[in-house]
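User: I'd like to go through this one label by label and hear what stands behind each. Can you start with the terms, then apply them?

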Amino acid sequence: MRVKILTLFLVFFFIFSCNSPKSVLLNYLNYTKNNNFKKAYFLLSENDKNIICYNDFIQYEEEKSPFDKLLKKNTFYKIKNITLSEAKQNTKIRVAIYQP
């Protein structure tokens, strides 16, 4: 089993104040893993949405190769560390990504 460690710098748009960065990230990863790109897109921050529009995001995700899709289906994530900025607008999350 290969283990990849990534440091993700993500800015999340919190739809409800009860959503923690961890739950938002896990929801995003699960939505993309299960091809629910519409829900995944709406978890992006406004800054991220200014970089990629909804239609481009959907097209990018849907055009991935069958091999990419197979890898994604067999990928598991473990949150290693979460650090919020002082203003609580930015979140740094360290994630372990496991693939068989």
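Analyst: A nonpolar core is a set of buried Ala, Val, Leu, Ile, Met, Phe, Trp, Tyr and Cys residues joined through side-chain atoms within 4.5 Å. Buried means under 20% relative accessible area, exposed means over 50%, and partly exposed is in between (1.4 Å probe, protein chains only). Keep in mind that this is a predicted model, where local features need pLDDT of at least 70 and side-chain atom pairs count only at pLDDT 80 or more, while totals for chains, interfaces and linings use all residues. Residues are numbered from 1 along each chain as its sequence is written, and side-chain values use heavy atoms, leaving out hydrogens and water.

User: What makes up the largest nonpolar core, and which residues have the most contacts inside it?

Analyst: That core has 15 residues, and L25, Y28, L44, F57, I79, I93 and V95 have the most contacts within it. Helix 1, helix 2, helix 4 and strand 3 (91–99) each give two or more residues to it. Helix 1 supplies the largest share, four residues.

User: What makes the length of helix 1 come out as expected?

Analyst: The expected span is 1.5 Å times one less than the number of residues. Helix 1 has 13 residues and reaches 18 Å from first C-alpha to last, close to the expected 18 Å.

User: Which residues of helix 1 are buried, and why say they line one face?

Analyst: P21, V24, L25, Y28, L29, T32 and K33 are the buried ones. Looking down the axis, they fall within an arc of 165°, so they line one face of helix 1. The arc is taken over the directions from the helix axis to the C-beta atoms.

User: What about helix 4: which residues are buried there, and why put them on the same side?

Analyst: Helix 4 (residues 54–62) buries F57, I58 and E61. Their arc around the axis is only 95°, which puts them on the same side. The face turned away carries the exposed N55 and Y60. Cover for the buried residues includes helix 1 (21–33), helix 2 (37–41) and helix 5 (66–73).

User: E61 is a Glu. Why is E61 called buried?

Analyst: Its relative accessibility is 6%, so E61 falls in the buried class. Beyond residues up to four places away in sequence, E61 touches F37, K69 and K72, where contact means heavy atoms within 4.5 Å.

User: What makes the pairing of E61 with K64 a polar contact?

Analyst: The term needs a pair of N or O atoms within 3.5 Å; within protein, one must be able to donate a hydrogen and the other to accept it, and residues adjacent in sequence count only if both atoms are side-chain atoms. The side chains of E61 and K64 meet at 3.2 Å. Another polar contact, 3.0 Å, joins the side chains of E63 and Q59.

User: And E63: buried or exposed?

Analyst: Exposed, because its relative accessibility is 57%. E63 sits in the loop between helix 4 and helix 5.

User: Helix 2 next. Why are A40 and F37 called buried?

Analyst: A40 is at 0% relative accessibility, so it's buried. F37 is buried too, because its value is 6%. Leaving out neighbours within four places in sequence, A40 is in contact with Y28, Y31, T32 and F57. F37 and F57 are 20 residues apart in sequence, with 7.9 Å between their C-alpha atoms.
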